Amino acid sequence: MVQKVITTLVDDVTGEQSQDIATHSILVDGAGVEIDLTDENYEKLLEILNPYLHAEGARRVRAGTKPKAKTQTTTASRDESSAMRAWARENGYAISDRGRVPAAVREAYGKAK
């Protein structure tokens, strides 16, 4: 017995059947959809999204990842870390010159101040 499967491609927006339809993945706020569009409708979609996709602050992300929040290290926080390290050494804590200040040291420093 032989089975023959025929796939009919249909544009999700217009309902038009065509051979130039492709599936495209779209991800917004971590939620994704797949949409089948003709080349013409895909180009229209890209035209609409173009100002947003190419905005000055826009960043590419890999599929399946969430954008990471930007972290800023300010001079004040560096100075505070330096002060915490100095205080920790004066008070018998073993602490490295680099890296994150341990929570126990931060807590003790906060209580002492």
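Good morning. A salt bridge, as the term is used here, is a side-chain nitrogen of Lys or Arg within 4 Å of a carboxyl oxygen of Asp or Glu. Please bear in mind that the model before you is predicted.

The protein chain has 113 residues, and 16% of them count as buried. Its secondary structure consists of two strands and three helices, arranged along the sequence as β-β-α-α-α. The accessible surface amounts to about 9900 Å², and carbon and sulfur atoms contribute 50% of that. Among contacts with a separation of 6 or more, 17% join residues 24 or more positions apart.

I return now to the salt bridges. How many does a search of the whole structure find? The search finds three.

K44 is partly exposed, at 43% relative accessible area, whereas E40 is exposed, at 54%.

Helix α3, which covers residues 103-112, holds E107 and K111, again four residues apart and about one helical turn from each other. Their side chains meet in a salt bridge at 3.3 Å, N to O. E107 is partly exposed, at 48%, and K111 is exposed, at 65%.

Finally, R89 and D97 form a salt bridge whose closest N and O atoms are 2.5 Å apart. R89 counts as partly exposed, with 39% relative accessibility, while D97 is exposed, with 63%. Thank you.

Key. Residues numbered from 1 in each chain as written. Predicted model: local features only at pLDDT ≥ 70, side-chain atom pairs only at ≥ 80, totals over all residues. Heavy atoms only, no water. Buried < 20%, exposed > 50% of the residue type's maximum accessible area, 1.4 Å probe, protein only. Contact = heavy atoms within 4.5 Å. Areas by Shrake-Rupley, 256 points an atom, 1.4 Å probe, with all protein chains shown as cover.
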